[in-house]
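The following exercises are to be worked through with the sequence and the structure at hand. Each task is followed by a solution in steps.

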Amino acid sequence: MKVSSSVLASCCLLIQVFGAMLFIRGFFPLPVRSQSRKSTSAETPPEPATAGLLSNWTKLPSPLFKKVVVLLIDALRQDFVYGPKGKKHMPYLTQLVEKGTTHSFIAKAAAPTVTMPRIKALMTGSIPGFIDVVMNLNSHELLDDNVIWQGKQAGKRIVFYGDDTWIKLFPKHFAEYDGTTSFFVSDYTEVDNNVTRHLDDILKRNDWDMLILHYLGLDHIGHLTGPHSHLVGPKLLEMDTVLKKISVALMSQEEDISVPSLIVLCGDHGMSETGSHGGSSEEEVQTPLVLISSAFEEKGGISKLPEIIQQTDIAPTLAISLGLPIPQNSLGILVPQTVEHKSMREQLRFLHLNGHQLCMLLRQNLEAYEKDAGVEQFKKAEKSHGNWIKLYLEGNASETLTNLGKKVLKQYLEALKNLSSSLGKQIAEYDIYSMSIGAVISLEILFLLLLSIPNALSSRAEFDIPLSSPLFSLLFYMMCLVLSAIHVIVCTSSEKVCFFCSISWVLALGIMMFISALSCIVLSTLSKMLAKSQYPNKKQDSIFSGWSELDLLLLIGTLGHVISMGASSFIEEEHQTWYFLTNTLCLALAQEMCRKYFLVKKSNFLDSAEGEDSKNESLYMDKIYDTHKKELKEQTLPLLSQFAKQHEKWIALSSPWAILIICRLLRTLNQTGIQWIHRPDFGHWLTSSEHKPELSFLVAVCLVMIFILIQGRCSFVSKVALAFGLLGIYCYRAAIGHVLYPWQNNSNGLSKGITEARFVYIFVLGILFTGTKDLLKSQVIYTDPQTKSLGLWEVYSGFILLAALLYRPHNLVVLVFCLLMQTTLSMFIWNLLKHDAAQITIMHYWFGQAFFFFQGNSNTISTVDISAGFVGMENYVELPAIFLTMFITYSGPLLWAIHLLWYLSSETHRVSTTVAHGCYCYAAIRSIPVTVYILVVTAFRYHLFIWSVFSPKLLYEAIHLLISAGVCVMFTAVDKNQISKSEN
Amino acid sequence: MDETELRKMSTGHIFGAFAVVLSVCVPVLSVDGFSFLGTHLSWLCICSLCVILVNILLLLLLKPNASSKKTSLSNKLSKLTKSCIYFVISCFLFHGIIVLYGAPLVESVAETFLFAVLLSSFTTSRCLCLLGPNFSAWVRVFSKDGALSVWDHSLQITTVCSVVGAWLGAFPIPLDWDRPWQVWPISCSLGATLGYVAGLLIAPLWIYCNRKRLTYKSR
């Protein structure tokens with residue numbers, strides 16, 4: 001079956017997307033959970049007892065505290081409380097911690113350090129899967145067993161004020177609530193006032209058992225200005241006042257009631273040095289936890305270093321404090337200091353309950369559960385606990401009883417630690433079967449793409465897929481049988497949850513057949529190639545001789561980048577790789593340019609044949625340049641074109657250097673990565689509130705520049721639409737307070753800018769619509785390349801307009817420089833140096849990757865700009881938000897890819913297969929890193945950094961693959977027309 | 001294929017490599033408190049000086065471009081000043097390129113500049129010695145099939161090797177190993193030096209191996 005190479009490329013990428021999805025489904029493990037959904041107090045185990053003597057204490061212990069207040073401060077970093085900042089700005093808390101009746105800890109949060117998974121961890125005690133990050137914005141009801149649900153079942157009245165994520169997670173659970181939304185990051189006072197205003201009223205009343213307060217202001221300050229901002233101090237002081245208010249009010253109430261109350265001060269996650277969160281650096285992971293209660297013994301002014309515990313330990317502690325069953329899926333250990341003031345019998349009882357719950361969870365998740373060290377220890381401790389009870393019930397009250405009790409306590413704590421850690425290991429269980437199926441599919445696709453390079457990049461741009469021979473071969477049927485047998489064996493034998501086994505068997509069989517067909521195709525292509533290469537054996541040595549330095553660089557760079565993905569540092573600092581490679585590429589272009597201009601003149605050094613050659617070359621160049629000049633005359637001002645004509649040589653010689661300088665400037669705009677992210681960058685300088693006039697000026701200049709650079713190739717209608725759209729963008733940015741109007745001194749009366757943003761959206765859609773209309777016209781009615789190129793350029797400018805609307809304000813510079821570079825490269829470099837489609841595609845891909853990082857992205861989740869999803873929306877709407885966020889994150893690669901499409905299809909002097917070649921190269925160059933990365937991740941699945949470094953990158957790669965598949969389909973659609981035209 | 005030229009060149013190269021090795025060994029043994037990593041800046045100075053000196057010595061002793069006609073003193077002087085200017089320009093050019101590659105613009109200027117000097121002493125000083133301050137000759141040598149003599153080939157190889165060495169030397173910088181040699185510009189200068197020495201040693205071997213293929217036209 002003969003297929004054009006663009007069709008082959010897009011099919012391959014689509015299949016690879018499927019493979020990658022399957023891999024990811026298997027890779028991100030589901031969290032550990034028990035079969036039965038929610039535990040009830042009826043399942044409470046009785047106290048352990050030795051034979052003959054039964055304890056009469058079978059019910060749940062009564063609550064330790066009458067009232068529990070959870071004061072959760074978003075992004076509260078450990079040093080905001082224990083460090084110098086805390087000492088300075090939180091005087092009341094510091095005084096309590098140093099002298100008062102408190103226990104302080106550092107609670108370590110698990111990655112990803114994003115609010116919703118952390119709330120889940122706090123309330124269920126389990127570690128939510130990584131995939132929860134992706135679902136972070138789309139939070140829906142929490143169905144797992146949790147403290148809030150238990151509280152509601154036990155008839156406790158729970159009151160909540162703060163982040164409305166909680167209300168989405170626990171609808172109908174709270175007796176009273178008031179949610180504040182966390183999407184307007186620029187507001188850091190109103191969100192907190194909305195919480196505090198309820199305090200006076202609720203503290204006076206006595207009709208609640210648990211109060212949860214979630215303050216967002218500190219997190220917003222972090223996102224806006226970072227942890228060292230001057231805003232942090234006052235905010236901490238405000239939090240300190242809130243704490244004091246609660247503490248004093250509760251203390252005054254305690255005098256009436258005998259049961260004390262508990263205040264839990266904690267943070268959900270920390271804050272990195274740049275003020276964001278999501279990763280797993282020390283600053284993001286370590287949060288303070290302070291337990292305050294009059295029941296605790298007063299410390300004698302000795303301040304110890306806070307002990308490090310896990311964040312999941314808070315859930316069982318809260319449950320025990322309120323006298324509730326511990327949530328079933330909790331991995332946490334009760335914080336023993338909370339129960340220290342109770343009698344030994346009660347303390348042992350609590351630890352036994354905790355251990356029992358962990359054992360039950362482990363039994364449901366581990367087959368060899370009896371052999372686990374923690375379980376054995378727990379059994380032992382349970383036995384000695386029974387002995388202790390026996391002694392106790394016999395009325396023995398001597399010192400031996402206390403000592404024995406202490407020993408049992410220690411045994412329990414050790415057992416709990418072991419149980420918790422072996423449960424933690426369970427979380428990192430992978431669904432290897434689905435993973436390997438996905439990996440095999442993408443590996444086969446890669447082989448197919450690589451093997452068909454010689455055919456697909458030939459002048460016919462066609463690839464003959466050998467379909468009939470493999471489909472009727474014995475090998476195909478054998479493979480089908482073997483794979484189905486494997487499928488049956490794997491699915492019947494394994495106890496673990498396996499995604500691929502859970503899909504319907506028809507689909508599974510289909511996939512199996514597909515895999516075997518693919519491998520047969522690959523094998524037969526390979527054998528054909530081998531057979532061919534046996535005849536002209538001498539060709540082998542001269543593979544590299546025909547290659548220029550640029551080809552070598554492109555090859556080495558691509559391979560080098562692929563290899564570099566094996567090191568976690570290179571993934572963290574991937575931007576350095578791309579900056580380095582694009583720089584080298586520019587230098588190679590500069591050298592090629594130098595050679596072109598200087599060698600043509602110095603032809604007396606060369607022998608006559610070469611001289612003639614170069615003459616031919618220069619003739620050819622003149623020809624190209626003539627067409628190019630014609631274009632110039634049509635499109636730009638005559639004065640400019642004349643200037644370009646006269647100084648063509650010098651402009652061409654200096655353009656690679658101009659691009660180099662642009663790259664260097666962009667590099668200082670946004671610092672990304674891990675190691676050097678703390679360095680001051682130009683972007684932060686611009687966005688700080690003191691430099692608003694400068695930013696406004698810059699934004700205005702950028703918008704004008706965008707107009708100048710785009711309008712030349714647009715039709716009149718879209719020119720006007722573009723101008724209005726850009727004007728609308730400035731209005732939008734002024735409305736949300738990014739920039740100022742010249743007549744405005746300070747920003748007041750901010751709005752969400754919904755009208756302005758929608759105004760721009762209309763023009764974006766309008767331009768995209770005209771572009772598509774022109775494209776369709778060129779496809780159906782005329783076969784005019786001019787219309788097609790116009791249509792593509794309009795689609796391109798529509799995307800530029802959308803990006804200009806969604807980018808962070810200082811990133812408009814990136815957009816302008818992107819346009820400038822594309823113009824320079826296409827006008828002065830590619831036209832003059834006659835690069836072929838493959839080279840141009842790879843260069844576009846490299847620059848696209850570099851721009852991905854220039855706009856401030858990195859391979860961690862925390863740099864995704866979610867705010868782009870809310871531009872022009874009243875509230876969160878899932879589909880457009882996801883689309884807009886995806887578009888803005890990948891706008892760099894996407895804009896370069898569309899530019900590539902426009903450039904390849906508008907070049908009139910090129911052969912008709914250019915677009916097909918470009919599409920094929922684009923698919924191949926995207927497929928290589930994805931496949932290699934899938935293999936790398938599989939090999940490193942037990943690596944220390946798998947969750948913090950490798951998994952986010954996997955998500956980034958997969959989404960990039962999806963977008964590239966879309967781009968390839970677009971290429972194919974455009975290419976179809978070209979091929980049919982050439983046939984006509 | 002001129003065997004004597006090749007022999008002359010090999011000895012010259014061995015001296016050049018020897019100079020680099022000496023620049024590391026001698027100060028370490030003779031000067032207190034000198035180490036390659038600790039006082040990297042002074043090593044950069046010493047090494048570039050050594051390399052330049054050896055290159056000039058070799059120029060005077062071996063006379064690779066002896067075919068040039070006798071020139072007057074003033075001509076020679078102007079050539080010398082021109083060479084100096086070229087060298088300084090190349091230092092600044094390298095500095096600029098390094099900054100474009102991402103080296104800090106303001107901090108550690110001295111390190112960056114000395115590294116640029118080292119690179120130009122590896123590349124430009126040899127070009128100046130072998131080809132003279134003749135830009136068109138440079139362009140010829142550094143283009144495909146532009147080499148006309150053994151010396152041109154050796155020049156190509158050593159220059160490309162030292163630049164590629166410096167290029168590769170930048171790769172370990174982002175790794176989080178926290179080693180002292182990962183500090184800017186130590187890994188790069190190390191890479192450049194190793195590349196240069198390797199180039200010096202490879203060039204005669206390569207030319208010797210390919211002597212059948214290389215037929216030079218007379219000038």
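**Exercise 1.** With which residue does Asp207(A) form a salt bridge, and how far apart are the closest N and O atoms?

*Solution.* The model is a predicted one.
Step 1. The partner of Asp207(A) is Arg157(A), and their closest N and O atoms are 4.0 Å apart.
Step 2. Asp207(A) belongs to the loop between α9 (199-204) and β6 (210-215) of chain A, while Arg157(A) belongs to the loop between α6 (147-153) and β4 (158-163) of chain A; the pair therefore ties together parts that are 50 residues apart in sequence.
Step 3. Over all chains, the rule gives a count of 17 salt bridges.

**Exercise 2.** Describe the interface of chain B and chain A.

*Solution.* 
Step 1. Begin with the contacts: 21 residues of chain B touch 27 residues of chain A.
Step 2. Turn to the area: the two chains bury about 2300 Å² between them, and 68% of this lies on carbon and sulfur atoms.
Step 3. Identify the contributing elements: on the side of chain B that touches chain A, α3 (73-100) and α6 (135-141) of chain B each supply at least two residues.
Step 4. Classify the residues on that side of chain B: 15 are nonpolar, three are polar and three are charged.

**Exercise 3.** How are the rings of Phe759(A) and Phe763(A) arranged?

*Solution.* 
Step 1. A pair of aromatic rings is described by the distance of the centres and the angle of the planes.
Step 2. For Phe759(A) and Phe763(A), the centres are 5.0 Å apart and the planes make an angle of 80°.
Step 3. As planes over 60 degrees apart count as edge-to-face, the pair of Phe759(A) and Phe763(A) is edge-to-face.
Step 4. Both residues are in helix α32 (residues 754-780) of chain A; because they are four residues apart there, about one helical turn separates them.
Step 5. The structure holds 42 aromatic pairs over all chains.

Technical notes: Residues numbered from 1 in each chain as written. Chains lettered and ligands numbered in written order. Predicted model: local features only at pLDDT ≥ 70, side-chain atom pairs only at ≥ 80, totals over all residues. Heavy atoms only, no water. Contact = heavy atoms within 4.5 Å. Buried area = accessible area lost by both parts, 1.4 Å probe. Nonpolar A, V, L, I, M, F, W, Y, C, P; charged D, E, K, R; others polar. Phe/Tyr/Trp six-rings, centres within 6.5 Å; stacked < 30°, edge-to-face > 60°. Salt bridge = Lys/Arg side-chain N within 4 Å of Asp/Glu carboxyl O.
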